Amino acid sequence: MKAEYKSKVFRPLVTLAPRSLAAVLSNSTPSGGELTTWSRQFFVDAPFVRNFVVAGAEVFATVQKEYKAHYPDPVPPKIVTSLSRMYRTFLLELCQNLKATGDLTSADLYSNLDFVWNFCEIMFLSSHPDFPVLPYLVDWIHLNFDLTSEILPKVVAEGSELEEETTLELWNLIYSHVFHGTTREAARLLSYLGGESASSTTQRHVALMEELLSKRPEFRPEDAASSLTEFEALFTAWQEECVNRLENGAFSGSPNFTLVCKILCGDDEAFASAVARGLITWYEYMVLLLNYKYPTIRPAQLKAYAVRTLQQLDLVDKLEARDAILLHAMDLDVVSVLREITAVWDNPWVALHLSDLIFACGRSSISTSAQKQRRGDDASFDFACVVPLRNDFLLEYGTTLMEHETLWQMGLCYLDALPDGKGRPVIRTCFQHRNPFSEQEAQKLVQIAERYGFGDEIKGICRQICLSKLKRGGSSQAQNALLWAIKAGDEALTTRIVDKILFEGDAQIDVALLDALLANVLDASLAFLHEFSIFRRAVSEGRGRDGVVSLCSMIKRGVIPKRLAIKILSKNESIFDDGSNFEGDDVTTLMEYVQRTLVTQRGDDYNSEEERQVTDLNRKLIKIRAYRIMCEFRRKATGAEEEEEDSNTEFVYGEADDY
Amino acid sequence: MATFNVATIDTGHEDMIHDAQMDFLGTKLATCSCDKNIRIFDLNVQTGTHTFVAELKGHEGPVWQLAWAHPRFDTLLASCSYDRRVIIWKEVLDVKHDGRKIPKWEPMYTYEGHESSVNSVCWAPPEWGLMLAAGSSDGTISVLSYVNDRWEAKKIPSAHTLGCNAVTWSPPTGPSSMSAGDPGSNAITAVKRFASGGCDNLVKIWKEENEEWTEETKLEGHSDWVRDVAWSPSAGLTKMKIASCSQDRRVIVWNNRESDGVSWTPELLHVFDDVVWHVSWNFVGDVLAVSGGDNQVSLWKKRESESWECISDSSKSQQQQHHH
């Protein structure tokens, strides 16, 4: 049937590989036989990232534990914050490792992630909606913009006689600490200026400024005793003192000290000059504003100041990717934060673990409208949005991990965290697609599948590993495969392998397998195998009598498959060598069986060698019978006490006649 | 955007490739072509390499589609072709004299019940036995089942006027229960269903009732030939969906919101620049791959209660390639 096909329209095809996004196949050209494969890079396989992922998974497990322990109450902010810090520790560790190997792009990526995460931790986890957010921001800025380690060593090295350049750098460092609000640090640094070689004026200025800087009030969130009003009073008083000192000319003659004091006073011009010197980023500027003008603002009020900062610095159109995320966080718009993070970095890790923490935290800052009004908040946090997002991330990350060669077990932890047992069917599907590389992996898979009660999948896995062993060939593999086939409960496969062992191998079954068979009598069709293994065990251990008993039992019960009869007989000759193995009607049973076998075997599987062996066997049996008859006769003849009431005595004589 | 490692496999086909399918476990690849042949490759997941294993000759026209059966049924591959045939191929182990085992492919069964090109084949979920659906340009759909060591065929006459282009089976489990996870599996539904797309611009859903196949639902939404349909696997997290793509440049996702397998609400995924030829789901059922026009491949994902979002695009990915 010739079929002419004329139309040659190119039809681009696409197929997703069985595992999620492992590979996409498409035909690349209309005429050629080229196939394009697109396989997604798993970020997990980059150097150092693996350890990072494992560490993250451990923290994740801890979060789930805490969630369950506190349910239905949310996990307290303190615990959540410390867990968040653990995540960040690993992020930073990864950064360091990547930097050390020279992969600065990746290091930069993770560094940015930490920067953003830290800010989100403040907005969503650690800060309290009723209290100032500034202390947290000070820490955040300090962590990310502190220049001390770069500049201080040089200063210390030069001792009391500072070079001009070093003095400049020292001042820059002092300024940055003042901007950041770490005024006590700034105070300490001043001592390097007030050494013995300094003028008395300078020393006086240093002393005075140290005092002002050290006395600056700081609101401590963890300090339950401190109240907001008290802090406000203290702060106002301190700032007044700064203003007084300035107006009294305490720092006249020194531009630097004057400028610092002006900053402490919250002078806008002073702030502007800092910017003019190109000294700071907008994050630092925003915190500068808060430090000296608006130290008590609450988290939900932050956005306005951020916007103001950006406008002042003319950066509104020049935002970086991470800036958009920070602004969303200031709006408490967690959905946008998570989406942006995922979109910008195509890295599921942060979005997942952050949303999970927020979920665990429960965030009792679900503001009622009354609360919102009372606080005058612009922003409010919608917790309900977090749940579906978290589910989405869990599913994506969990299934990604479950496809991984070696990290798949970690995927279970994430999928299990899906609410209402939704993870179970997904895990099940993942199991169906796993192709175990090794027996160890298969065992692990089975163990875990048992935990979940995945009956079908266990069978599938066992079958899979069984087949792969069979493919490899060899008798030890076959025996191993048999164990797996039994575990899979696959009758047909089991029979196939049994035949294989008996037909293709040397019908030797090792002890371990025999033990397994003895323990695993599954059903009628394996009953023969069970019996046969007892028989083989007896033969291999030289217990001829037991072998004969077993063999006769099998024959009488008719469990030996016809196709195996001749094989079994021919391969186990050794028991026929010793007449004392036989008692009672054993010989008869066997002779009949042998003769039956020889007759029926004249068929398809004609094997002259085996037939010859069995014929020999027949002769042996005849000899044995003769021997037994002789024994009986001798016993009777010598008049020795009949030790055994041989009920077959008559029978034997009778047979002798036939003979 | 997702970064992808792009590689090419030279399959050895002498003409356009029409289908490429990896088996269930991702260890084998089968490709079929206008050159009438099917080629099988072994895939090494660890090294990412492929090895040619066999060339299957038997069709007398371009081979349109391939489908691997579930591993529990041994290694079976179904193919359909312009030559009006469906062939089911089986891998056997050929034992050589020296004991080596060479895998060999043989046609296990050839079905010649169609009067025109067979455009699509798809295996049913293994829970329903060894069963296959095939759609043809003669407008009929055949369902082949292997029962009592024999292949039986049931035909659905006049399934789609002018021809059937694609068939896809429903997953075996019923609509998952979203409530408390029960320790047992989702109940295997007794009702067997599959969907088909045809030249009558329709997507139809077929149901087995009293051992006969009847049309259950007609999904109208496309304005030109439906080229491909794909029923999403249901891992239990999301509701059931069917994706269809058409000559009218649209991909529609049909949502079964009531989880009853019967009521379907269309959702337009996107209007593309050119004909859309293929749609295919990932194994979890939350990412859809779409190919169309001049070799444009894109991946789409839906966030909860959001619209569909393109997470990757072949043209952009290729640009990324250049940067690395």
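The legends below describe close-up views of a predicted model.

Local features are reported at pLDDT of at least 70 and side-chain atom pairs at pLDDT 80 or more, while totals for chains, interfaces and linings use all residues. Residues are numbered from 1 along each chain as its sequence is written, chains are lettered from A and ligands numbered from 1 in the order in which they are written, and side-chain values use heavy atoms, without hydrogens and water.

**View 1. Aromatic pairs around A:Phe145.**
Rings of Phe, Tyr and Trp (its six-membered ring) are paired if their centres lie within 6.5 Å; planes under 30 degrees apart are stacked, over 60 edge-to-face, and the rest tilted. The count by this rule is 41 aromatic pairs over all chains. A:Phe115 and A:Phe145 are edge-to-face, because their ring centres are 6.0 Å apart and their planes stand at 90 degrees. This pair links distant parts of chain A, with A:Phe115 in helix H3 (residues 104-126) and A:Phe145 in helix H4 (residues 134-145), 30 residues apart. Helices (H or I, at least four residues) and strands (E, at least two) are DSSP runs numbered from the N terminus. A:Phe145 also pairs with A:Tyr283, in a stacked arrangement with 5.9 Å between centres and 25 degrees between planes. A:Tyr283 belongs to helix H12 (residues 282-292) of chain A and is 138 residues from A:Phe145 in H4. A:Phe115 and A:Phe145 are both buried, as is A:Tyr283; buried means under 20% relative accessible area, exposed over 50%, and partly exposed in between (1.4 Å probe, protein chains only). One aromatic cluster is formed by A:Phe115, A:Phe119, A:Trp140, A:Phe145, A:Trp282 and A:Tyr283.

**View 2. Arginines over phenylalanine rings.**
A:Arg322 lies over the face of A:Phe115, 4.1 Å from the ring centre. In another part of the view set, A:Arg390 lies over the face of A:Phe359, at 4.0 Å from the ring centre. A charge sits over a ring if NZ of Lys or CZ of Arg is within 6 Å of the ring centre and within 35 degrees of the ring normal.

**View 3. Helices H6 and H7 of chain A.**
The axes of H6 (residues 164-180) and H7 (residues 183-190) of chain A come within 7 Å and cross at roughly 160 degrees. The two helices are therefore roughly antiparallel. Axes are lines fitted to C-alpha atoms, for helices over the stretch in contact, with angles from 0 to 180 degrees between N-to-C directions. Angles under 35 degrees count as roughly parallel, over 145 as roughly antiparallel, 65 to 115 as roughly perpendicular and the rest as oblique. H6(A) passes H7(A) in a left-handed crossing. Contact residues include A:Leu170, A:Trp171 and A:Ile174 of H6(A) and A:Ala186, A:Leu189 and A:Leu190 of H7(A). Contact means heavy atoms within 4.5 Å. A crossing is left-handed if the near helix is turned anticlockwise from the far one by less than a right angle, and right-handed if clockwise.

**View 4. Helix H10 of chain A and its neighbours.**
In H10 (residues 255-264) of chain A, the buried residues are A:Phe257, A:Leu259, A:Val260, A:Cys261, A:Ile263 and A:Leu264. These residues pack against H6, H7, H8 (200-215), H9 (228-247), H11 (268-276) and H12 of chain A. A:Gly266, with a positive phi near 80 degrees, follows H10(A).

**View 5. Helices H18 and H20 of chain A.**
The axes of H18(A) and H20 (residues 423-433) of chain A come within 10 Å and cross at roughly 25 degrees. H18(A) is therefore roughly parallel to H20(A). The crossing of H18(A) past H20(A) is right-handed. A:Leu395, A:Thr399 and A:Met402 of H18(A) meet A:Val426, A:Ile427, A:Cys430 and A:Phe431 of H20(A). A:Phe393 is also found in H18 (residues 386-403) and is buried, at 2% relative accessibility.

**View 6. Backbone features in loops.**
Most residues other than glycine have a negative phi, and most peptide bonds are trans. A:Tyr71 and A:Pro72 are joined by a cis peptide bond, with omega about 5 degrees. A:Pro72 is in the loop between H1 (49-70) and H2 (77-100) of chain A. B:Asp149 has a positive phi near 60 degrees and is in the loop between strands S12 (141-147) and S13 (150-156) of chain B. B:Leu162 has a positive phi near 75 degrees and is in the loop between S13 and strand S14 (164-169) of chain B. B:Asp149 is exposed, at 66% relative accessibility, and B:Leu162 is exposed at 66%.
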